[in-house]
Amino acid sequence: MCNKAKEEWINGQCKEIEDCKKADNAYMHQKINDIASKKRTAQGGCIKSKDGKILIKTSDILERWSEYIEELFYDERGQQPETQKPIEGPPILKAEVKKTINDMKNGKAAEPDQIPIELLQALGNWGIDQLTKLLNRIHDTGNIPKDMLISTFITLQKKPGATECENHRTISLMSHTLKLLLKILLTRIRRKIKPEISETQFGFVANKGTTKAIFTMMMLMERCIETQKDLYLCFIDYSKAFDNVRHEELFHILDSLDIDGKDLRILKTLYWKQTATVRVGGEHSEEIPITRGVRQGCILSPDLFILQ
């Protein structure tokens, strides 16, 4: 009966398109697009618990997501390590703040303080002065406000009808003011990280990219075929590689680099005090400690990841 009803509906739409073919071409093309274009798959709200039961209530779903996220990012790490270097470094300049604000993309979701970058841009020179003072206070003391340490996870299905947590990807939303600070820090430390990156690294490296690596590999394959030589390729798929970076090992590497003490202290505070909540249907879960992995959606994460 469903198939029959669907066929009758499509036939009716096709007849309507034929009737308006000569009368209204614009409407005809619009109707064709409405029928033929790919529709977005509706997001299912329910997920399965650990024992396979379908969860429907928002409170149960939030509890399950909290459990999954906590297990995914859990690590038995120690206390926040002390910064062995002198706590010093140049202050954040107004010119740095102004340039970074202008370079940041608009139209991004702001969580949890609900202050988008467009609002910071609209404040003009007065706002840049106040932001410079705020960022320097954070930079000098190493104390990051709690609102900046919380991320909000949004879950998206990897395929239609997914009910397992593992078949979802999470998008992390964070404070735009924190993004502004981290973008300034990245500009400062990137030149100190660059010498430590291998020449064979293509991903997350400027002016390289994986497309160039693929092109090089294809050329090598063609030459081996022409000369009748054997070629052996090894592909390694790391499961959740970003989420399995251990913080103590990461900062052991960072401590050995020529990074200013103030910048390093900010990064340690950020990683040791960060928390996250999961948002489902407009409701948020309790705060979840994040003790493993590089931060999702953070501008620093690619550079920190390739140091491993």
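Visitor: What makes Phe-204, Phe-242 and Phe-305 a cluster?

Guide: These three residues are linked by ring pairs, and rings of Phe, Tyr and Trp (its six-membered ring) count as a pair if their centres lie within 6.5 Å, with planes under 30 degrees apart called stacked, over 60 edge-to-face and the rest tilted. A search of the whole structure finds six aromatic pairs. This is a predicted model, in which local features need a pLDDT of at least 70 and side-chain atom pairs count only at pLDDT 80 or more, while totals for chains, interfaces and linings use all residues. Residues are numbered from 1 along each chain as its sequence is written, and side-chain values use heavy atoms, with hydrogens and water left out.

Visitor: How do you know that Lys-208 lies over the face of Phe-202?

Guide: A charge sits over a ring if NZ of Lys or CZ of Arg is within 6 Å of the ring centre and within 35 degrees of the ring normal. Lys-208 lies at 5.2 Å from the ring centre of Phe-202, and the pair is therefore described in this way.

Visitor: How do you know that the span of helix α8 agrees with its number of residues?

Guide: Helices (H or I, at least four residues) and strands (E, at least two) are DSSP runs, numbered from the N terminus, and the expected span of a helix is 1.5 Å times one less than its number of residues. Helix α8, which has 18 residues (176-193), should therefore span 26 Å, and its end C-alpha atoms are 24 Å apart, which agrees.

Visitor: What is meant by the bend of α8 at Thr-187?

Guide: A bend at a residue is the angle between axes fitted to the seven residues ending there and the seven starting there, and for α8 at Thr-187 this angle is about 35 degrees.

Visitor: Why is α8 called mostly covered?

Guide: Buried means under 20% relative accessible area, exposed over 50%, and partly exposed in between (1.4 Å probe, protein chains only). In α8, 13 of its 18 residues are buried.

Visitor: What makes Ser-175 a cap of α8?

Guide: A side-chain oxygen of Ser-175 lies 3.2 Å from the backbone nitrogen of Thr-177, at the N-terminal end of the helix. A polar contact is a pair of N or O atoms within 3.5 Å, where, within protein, one must be able to donate a hydrogen and the other to accept it, and residues adjacent in sequence count only if both atoms are side-chain atoms.

Visitor: Which polar contacts does the side chain of Thr-141 make?

Guide: A polar atom of that side chain lies 2.8 Å from the backbone oxygen of Arg-137, and the side chain of Thr-141 also reaches the backbone nitrogen of Asn-143 at 3.3 Å. Thr-141 itself is in helix α6 (residues 124-141), and at 39% relative accessibility it counts as partly exposed.

Visitor: Is Ser-151 buried or exposed, and how do you know?

Guide: Ser-151, in strand β3 (residues 150-157), has a relative accessible area of 5% and is therefore buried. Contact means heavy atoms within 4.5 Å, and, leaving aside neighbours within four places in sequence, Ser-151 is in contact with residues including Ser-172, Met-174, Thr-275 and Arg-295.

Visitor: Why is Glu-283 called partly exposed?

Guide: Its relative accessible area is 42%, so Glu-283 counts as partly exposed. Glu-283 belongs to strand β6 (residues 283-284), and, with neighbours within four places in sequence left aside, it is in contact with Thr-58, Leu-62 and Val-278.

Visitor: What makes the phi angles of Gln-114 and Lys-240 worth a remark?

Guide: Most residues other than glycine have a negative phi. Gln-114, although not a glycine, has a positive phi of about 60 degrees, and Lys-240, likewise not a glycine, has a positive phi of about 50 degrees. Gln-114 lies in the loop between α4 (94-103) and α5 (117-122) and, at 52% relative accessibility, counts as exposed. Lys-240 lies in the loop between α9 (210-226) and α10 (247-255) and, with a relative accessible area of 32%, is partly exposed.
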